[in-house]
Protein chains: 2
Amino acid sequence: MGALGRLVLGKPTSQFAPRMKPRALRIRYALPLLAPDALSSVAYAPDEILLTLAAAGMAGMALSPWVGLAIAAVMAVVIASYRQTIKVYPGGGDYTVAKENLGLLAGGLVGGAAMVDSLLTVAVSVSAGAQYFAAVVPGVEDHTTAVAITLVTALTVLMLRGVKALDTTVILAVYAFIAALGVTAATGGIEALIGTLPAGPAQGLEVVPSAGLESGLTVLGAAFLGLRAFSSGAVALTGVQTISTGVGTFREPQERNAARSLAFLGIACAALLIGTLALAREVGAVFVADPATQLRYPSGKPVGADFHQEPILAQIAETVFAGARPIFVVVTGLVGLLLILAASSAFRWVPTLMSMLAHDEFMPKQFYRRSDRRVAAHGIITLGLGSAVLIYLMGASVTQLVQLYIVGVFLSFTISQLGMLRHWNAALPLAKTAPERRRMAGARAVNACGLVLTAVALVIVVITKFTHGAWISLGLVGCAFWFMVSVRRHYRRVAGELKLPPGDRTDLGLPSRVHGIVLVSAMNRATARAIAYARSTRPATLEAVTVAVDSARVWELRRGWDRARVPVTLRILDSPGREITRPLIEYITAVRRRRPRDLVMLYIPEKVVRHWWERWLHNRSAARLTSRLRHVRGVVVATVPWQLDTDPAAAE
Amino acid sequence: MGALGRLVLGKPTSQFAPRMKPRALRIRYALPLLAPDALSSVAYAPDEILLTLAAAGMAGMALSPWVGLAIAAVMAVVIASYRQTIKVYPGGGDYTVAKENLGLLAGGLVGGAAMVDSLLTVAVSVSAGAQYFAAVVPGVEDHTTAVAITLVTALTVLMLRGVKALDTTVILAVYAFIAALGVTAATGGIEALIGTLPAGPAQGLEVVPSAGLESGLTVLGAAFLGLRAFSSGAVALTGVQTISTGVGTFREPQERNAARSLAFLGIACAALLIGTLALAREVGAVFVADPATQLRYPSGKPVGADFHQEPILAQIAETVFAGARPIFVVVTGLVGLLLILAASSAFRWVPTLMSMLAHDEFMPKQFYRRSDRRVAAHGIITLGLGSAVLIYLMGASVTQLVQLYIVGVFLSFTISQLGMLRHWNAALPLAKTAPERRRMAGARAVNACGLVLTAVALVIVVITKFTHGAWISLGLVGCAFWFMVSVRRHYRRVAGELKLPPGDRTDLGLPSRVHGIVLVSAMNRATARAIAYARSTRPATLEAVTVAVDSARVWELRRGWDRARVPVTLRILDSPGREITRPLIEYITAVRRRRPRDLVMLYIPEKVVRHWWERWLHNRSAARLTSRLRHVRGVVVATVPWQLDTDPAAAE
């Protein structure tokens, strides 16, 4: 990365250094650290539910509490399932569950989905964050894409540099977020009860039903619309799996603490979702895909292109704290902050994920060392770039990005539940006591229930959203899967090729003699050092070779050679085409042909420069020669460095 | 350059292979090969002269024959001067003249100017070519920038691939161009004499004088305008120096043949320039900077924005061959072709120029080997990109590009003439006979005359054109000069640092012992080969070292080690941070510290892959380690390649 990298990244911090011992935090610290992902998805889920239902106008929006309840019910089952996962595979997560029970390929699929989900976590969270930003800062409503891409860039640079006290910020932000929403709900509830709740910004606006739904909903139509709203709102479930991959954060008893935390988190999310939907109804909040055509004043006049539609939580806060704009700004700002922190957790998770995948050869092996700053930087930059591209392509539309997001999430959910089911099926016959068998059967029932629900949700999502972007998700997951499988196949093939035949020791047989060649171009100290080093290895034969590109320089070299009384023969290769590489390759191949069992050691003096741009001025021919000689068997290239212009103290 | 390079470049051709013997062509072949540069500049010079004079309306344009004669006169002197240069420095050119007589820095300045001139030769010629293209093909008038950039791109790719029979094309095109213009001039002259010359496309149009010049020209005003027109038209002189750098193309007696060719070329250019200006007057051709405001119909109505102004030669051909459009198309097409070929000659010249500069360490030394396809490709791509950028910035305006061009050309002219003057001053006292002294004095007079004229022209050009773009040229030449001087200073500094102290043989002293280390990560055939090779060099001590990043893998390595009964100790380095590079660097520095007079030979097994993208999957840690170890003294890194998945026949 060099100078530019250091400029952007600053001094190394320890954020990617692996922790030698688990962090062992109390629930009150560990839970908020892992919560932003799950909580933030509840911030934009109500918007998506109402937006889908708005297709049937006011009649559709009346369905919202039922959709909320359905999602809360599925959430309860999914959380119960993940509590089983935590107990059986503490710290493993979906990838481990799939890999252990369904084979490496299923693991690869979950891994691919997880990679795509990280991209989308960032894209969705930041796009939603940009909406809340626009609700508070006037004048940026029409530039949310630019705002979101700026936020992603800033986040990428921050994560590359490392953020001190990020953990503390997350913990404080989560409690502040919950407190803020609690206060909002309490204030709003009381105001609604005593009848002092003011009119919301959208109160009185009418929602125009889509073509074909003007005459109200049939039962079938309502069911279908409800399913679509459910599949959009199901995004509220994303993030619950985070706890199952972060069990190591909790203190002992880890599994129990993690499982309890997961239950708390589920309750908080469900309460938040249902509370938000209820309050949205009270304040008459509306959220539609295209305000200009879907909203109209009671007079029947459309609101027009200038109308700025705020996200639901902002509408609620604006209504509840109608007289106190500072409070509204704080609440909205906290929602935005939590969304950004959710994105930052994806940045922290990706190096770990890639390291897990690299361990199973699904990723280039350098990613295994996630503590390596450069390696982590590759993951972070890829994530930042990828999510910026997604935001740009989708115009920072939360609605469109959510469609992509849920497919990957529910794919992981379903495969992971299937894995758990297989786990219990295999474990049940081994149970020794009746209570143990009963406990396992119960757990299996929970996971089976989870499998059915998540599979149904996945099918609904794919069917109802296929043309809305689910195909993009499936394509991305497919690409990631193909990449990972290709990498693994490559490593497997190489390992097979390199495998030592058992008992056969021919590979350890020594070459009969060593023939040393020193490549020289001028008689100087670098050349002298290369010759001295080559001589000290005492090869059977040693010669120096130069290519005659310029006769004046060859003459000068010979004079210097004689003057320094170098005890090595100098061979001058003719180069009719003024080439350097070809005559040398030809000569070395000729030497090899004469004595095929010999080893050729080629010593190349190398000038080591201080600045990266100086590299362009030196060692070009040597670099090319080295890269060509790699393909010639029986040749070892040894570079003898000469450190130019360096501080002797630093060099040692 | 890899696969992409091969795709674009195709199979290597021999166009950059240096010729072992001079080509020794007859004048009839050698002269046209070197002529396009000079002839093509005469194609756009009349346009620039008329354009400048048009500032004073019709009265100004009446001055054009006088300006043409002045340029022809200067051309005669410059050509006489270059005939001297050819005799004294056959095959040298301005760079050699400046370097030999005025020192390396003056040579560097000429070299920098020559680099910038190559860029501008391409930019000007192709932009002018695009004008002629637009004169023949309707509908592209408003897209000359796009046309010019497309042409540059095509030319770059063609030159990279190599063009077969380019020489033949050039020779034929030059004769066809001269024949076409001869026929045009003869036909036009006869038509004018017998009074059948039809009205030209611009006949009857009035040229509006610029503000301040409406009331006619004062003597001073006419002189100043004439000077400005002269400085624009002086572009006709560019290209005459080409012959002085291509003396090797002629057969013996080379110098005499080259000098005669130069005289022929001068006569042809002068005739062409004066003939074009005369015919332009006959057909009433006009050429102005901004037709929409500067041209009006006799009725006083401006011609408007839709008016398309053709270059002068096209206007002449259109008038002379008014009844025979195919002939017009052929003549115009030949002019365009010659312009493109002039650009192609710059592409062929740049690798030679860079090689000359690299020989004097003004360029990275790899450019010395101009026959090397990759090296030549760097020059060609730089030239193509640079000229495309210039064309884009100047909107393919020939007028603006010409302003930039002449500054560099006259800078070279002037320095070169100054060099010749110094040459004669130094040579004159050594003359032995009176006739020799007289001859030298005469030659000195010619060069002095050339110096005065080119210096005056340079001053005029810089003064009258400074704000029109001359400052850009001077800036570019300055940058090129700075770059070249920096490169040379770097090489000089390195050479000084590496210089062997005379008589001192300490640099050839041998290290006391060799300590061999083999870097291993898994027990496989690549590792086995590295160990075998390391053992065959019989170091004083040999050990194998691995970094414990993953305990399972270390355990597997130890098992394989024991099973293969490797006769080398395996040392396992701890890595608390899962890093690879740092523990190794620390270990090697510790070894060095214990025995500072020993040499450490580090053997690294390297997997050689077949496809470039597979490189990303292997040897990453080794590459990083190697690049870090370069800075540690007394360590030699030897890479032991293992060719993966290769055809055994190809590998040998």
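Helix α21 (residues 551-563) of chain B lies across β4 (541-548) and β5 of chain B. The helix runs at about 150 degrees to β4(B). Axes are lines fitted to C-alpha atoms, for helices over the stretch in contact, and angles run from 0 to 180 degrees between N-to-C directions. Residues are in contact if their C-beta atoms, placed from the backbone, lie within 7 Å. Helices (H or I, at least four residues) and strands (E, at least two) are DSSP runs, numbered from the N terminus.

The model is predicted: local features need pLDDT of at least 70, side-chain atom pairs count only at pLDDT 80 or more, and totals for chains, interfaces and linings use all residues. Residues are numbered from 1 along each chain as its sequence is written, while chains are lettered from A and ligands numbered from 1 in the order in which they are written.

Strands β4(B) and β5(B) belong to an open sheet of ten strands. The order is β5(A)-β4(A)-β3(A)-β6(A)-β7(A)-β7(B)-β6(B)-β3(B)-β4(B)-β5(B), with mixed pairing. Two strands pair if DSSP finds at least two bridges between them. At the edges stand β5 (569-574) of chain A and β5 (569-574) of chain B. Each has a single partner strand, so one side of each is left without a neighbour in the sheet. Neighbouring strands are turned by 30 degrees against each other on average, direction ignored.

A:A638 stands opposite B:A638.

Chain A superposes on chain B by a rotation of 180 degrees with 0.1 Å of shift along its axis (RMSD 0.1 Å). That is the relation of a two-fold axis. In chain A, the C-alpha nearest the axis belongs to A:A638, 2.0 Å from it. The superposition is by least squares on the C-alpha atoms of residues with pLDDT of at least 70 in both copies.

The contact between the chains takes 65 residues from chain A and 65 residues from chain B. On the chain A side, α19 (470-498), α20 (525-536), β6 (599-608), α23 (620-629) and β7 (635-643) each supply at least two residues. The largest share, nine residues, comes from α20(A). This side of chain A divides into 34 nonpolar, twelve polar and 19 charged residues. Ala, Val, Leu, Ile, Met, Phe, Trp, Tyr, Cys and Pro count as nonpolar, Asp, Glu, Lys and Arg as charged, and the others, Gly among them, as polar. Of the interface residues of chain A, 98% are also interface residues in chain B, so the copies meet through the same surface.

Chain A is divided into domain 1 (2-17 + 42-415) and domain 2 (509-651). Their centres, taken over C-alpha atoms, are separated by 60 Å. The bounds come from an automatic or database domain assignment.

In chain B, the axes of α3 (residues 36-53) and α17 (residues 398-427) come within 11 Å and cross at roughly 100 degrees. That makes α3(B) roughly perpendicular to α17(B) (65 to 115 degrees). B:Y44, B:D47, B:E48 and B:L51 meet B:V398, B:T399 and B:V402. The contact comprises four nonpolar residues, one polar and two charged.

Most residues other than glycine have a negative phi, and most peptide bonds are trans. A cis peptide bond joins A:E252 and A:P253, with omega about -5 degrees. A:P253 lies in the loop between α11 (242-245) and α12 (254-282) of chain A. The bond from B:E252 to B:P253 is also cis, with omega near -5 degrees. A:R565 has a positive phi, near 45 degrees, and lies in the loop between α21 (551-563) and β5 of chain A.

Notes:
Two residues are in contact if their C-beta atoms, placed from the backbone, lie within 7 Å. Angles under 35 degrees count as roughly parallel, over 145 as roughly antiparallel, 65 to 115 as roughly perpendicular and the rest as oblique.
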